Each structure stands twice: as C-alpha cells, then as structure tokens.
Amino acid sequence: MRVKGWHMEREGEALTLARRSPARFDLKVETLLPPVGRLERLAHQVRQDMWRALRDLRGFAPVVRVRPCAGGVSVEAGGEVAGALPRNAVEARIAEVLEDRANRARWVNWAA
C-alpha cells in the first residue's frame, strides 16, 4: 500500500514503512519500545526523526519496521544508501535518535 509517497507493507503483525519498494536495510539499528496501539503512527514518527538526523546523507532512503513482541514493540530503523557510507558513524547517529528519551516518550504518546 502506498500512502503519501511512502510504501507501507504488512507482513503478519509487522509493518514496514519505506520510500522504495521493496524495502532494503543497508544499515539498521534496533530498539524496544513499550506497547503502542498504532504502529503506523510510530513508524512515521521514527522515520521523521531519523530523516532529520540523516538528511545530509546523500542517497539515503529511510526504512522503519515495527512489530509487536513480548514486552512491547520492536523497532528496526535504518534504510537504503546509494553509494559509500561511514557505516559505524551513521548507525551511531540512528542509535542516538532511537535512544533519545524525549523522542521515545513523544513516539509512544503519539502512537498510544
């Protein structure tokens, strides 16, 4: 399904939000969040904040996959990159976004 230029694919309980289809993770960072009711909202919020942190990364197409799991929601954030990239530095920036307390609280609140 395509929504406002974004591809949303459901695979069982998992939801993947990507700019391109099929979604591809050239880099990925994972985290666990408390349970939420609206996975679509969570995916969009994570994608927006990740994009803001990485908008200077040439050829970057964000991908976010969220899925309910024991104890909450598993979030995989990263994406596709056309060209060379400093993988460790970029994954560290994504991890900063995912572990930021203010971001996490806002995401969970918005997707409740």
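What should the 16 residues of helix α1 span at 1.5 Å a residue? They should span 22 Å, and the end C-alpha atoms of α1 (residues 39–54) are 22 Å apart, which agrees. The expected span is 1.5 Å times one less than the number of residues. Helices (H or I, at least four residues) and strands (E, at least two) are DSSP runs, numbered from the N terminus.

This is a predicted model: local features need pLDDT of at least 70, side-chain atom pairs count only at pLDDT 80 or more, and totals for chains, interfaces and linings use all residues. Residues are numbered from 1 along each chain as its sequence is written, and side-chain values use heavy atoms, with hydrogens and water left out.

The chain has a mean pLDDT (the predictor's confidence in each residue, from 0 to 100) of 94, and 96% of its residues reach 70 or more.

Beyond its neighbours within four places in sequence, Arg-47 is in contact (heavy atoms within 4.5 Å) with Trp-6, Leu-17, Pro-62 and Val-64.

Next, the hairpin. Strands β2 (residues 6–11) and β3 (residues 14–18) run antiparallel, joined by five bridges. Arg-10 has Leu-15 in β3 as its bridge partner. Two residues separate the strands, and Gly-12 in the turn has a positive phi of about 65 degrees.

Terms used:
Pairing = 2+ DSSP bridges.
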